[in-house]
Amino acid sequence: MKNNPLPRLDTSPEMRDRLLPHCRLKPGQVWQDPDGKHRVGCLDSTDAKAVAGLVGGSDPALAIQDPPYNLVAFERRSIEEYIDWSRRWIQITHAVLAKNASLYVWLGADQNDGFQPLADFMIVMREQPFAPRSFITMRNQRGYGTQKNWMAVRQELLYYTKGSPEFNVEAEYTDIPKILRGYYKEVNGVVTENLERGKSDTIRAGNVWVDIQQVFYRMEENVSGCYAQKPLKCIERIVRASSQKNDVILDFFAHSGSTLLAAEILDRRCITADVDPICCEITIRRLEQYRRSGRLGWQNGHPFEKEIPGFVEDSGYEIQDESRLPSVQPTLFG
Ligand SMILES: C[S@@+](CC[C@H](N)C(=O)[O-])C[C@H]1O[C@@H](n2cnc3c(N)ncnc32)[C@H](O)[C@@H]1O
């Protein structure tokens, strides 16, 4: 079986040095989709002028922001610095969003450190001109924990609005069939059963999402090298609930390009950015590959296979084709 992943880009400076020359955007540059739908900018989301140039009065109806969480994956800042930094990109988001728009923010809570930055972020949002709407939890399949604590399996998603955007409630239904019977209620003098009363045969997602598979290397949508990729299914749910066809969707932290790909699949337009030219390149290549082949990611391959055809992480051994892979005999007892 082909198995040619990239190592995690945040912890592999050598690999980053090899990939950078293959990235078409330098800091400050913008990629324009030849099909005229999307834009990708290589910029810092706290640079108001650069963001205004990227967005260019396009009135986004929805922003889906997934900033670094101040946890292990990124260079850690003090919580004060992190919150100051967050305040800046939130204000910029507000300035460029349409009059009636929705904002979703993914954020983590460090249970070993006062649940930062989520708790602090929620408080800062109280001073911002967004109205709080929902606090959603998505359940991961893999967790982290010890034998002495509850296993941590949650990802938090905050939903805010500016003005009064629409909410498409149909998008709230999952694929999970309704099976709860025997819950009767009188409606207009008629006793009805739970299933008769519902608008759908499936259950609503509500604000706890348990039906979304976390991305891992065996999934088609996997983008190896990316360490913080969100599943397309959750992005699609947000896009369906809080935007219409042809709307513009904003994402300041593109990473693997999940928001842009969901926008393409659902006939929306996406304006996205990342401070890292490698993430910008991956985002663009993911869209290009989808348009060419319908594939959603690279599973056991990676976006730079043409330039770096074979790489075995542990040994650093380079291969040109699979037949030259060193043979590894699995043994039962090590
Ligand atoms: C948690 S990841 C986003 C994951 C993304 N939603 C996905 O599904 O692939 C955060 C991204 O923010 C980028 N980033 C960090 N600081 C930034 C900044 N100041 N401006 C723009 N992007 C930044 C990082 O390079 C990283 O790719």
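In this predicted model, the shell around the ligand holds nine nonpolar, six polar and five charged residues. The residues around the ligand number 20. Among these, D66, K230, F253, H255 and S256 come nearest.

Helices α6 and α7 form a contact. Helix α6 spans residues 232-242, and helix α7 spans residues 258-265. Their axes come within 9 Å and cross at roughly 60°. The two helices are therefore oblique to each other, as a crossing counts as roughly perpendicular only from 65 degrees and as roughly parallel only under 35 degrees. The crossing of α6 and α7 is right-handed. From α6, the contact draws on L232, I235, E236 and V239. From α7, the contact draws on S258, T259, L261, A262, A263 and I265. By class, the residues of this contact divide into seven nonpolar, two polar and one charged.

A further site of interest is M125. This residue lies in helix α4, which covers residues 118-125. M125 has 19 C-beta neighbours inside 10 Å and therefore counts as partly exposed; the buried class requires 20 or more. Beyond its neighbours within four places in sequence, M125 is in contact with F130, P132 and Y160. R87 is 38 residues away from M125 along the chain.

Methods:
Residues numbered from 1 in each chain as written. Predicted model: local features only at pLDDT ≥ 70, side-chain atom pairs only at ≥ 80, totals over all residues. Axes fitted to C-alpha atoms, helices over the stretch in contact; angles between N-to-C directions. Helix = DSSP H or I, 4+ residues; strand = E, 2+ residues; numbered from the N terminus. Parallel < 35°, antiparallel > 145°, perpendicular 65-115°, else oblique. Left-handed = near helix turned anticlockwise from the far one by under 90°. Contact = placed C-beta atoms within 7 Å. Nonpolar A, V, L, I, M, F, W, Y, C, P; charged D, E, K, R; others polar. Buried ≥ 20, exposed ≤ 12 C-beta atoms within 10 Å, placed from the backbone. Near = placed C-beta within 6 Å.
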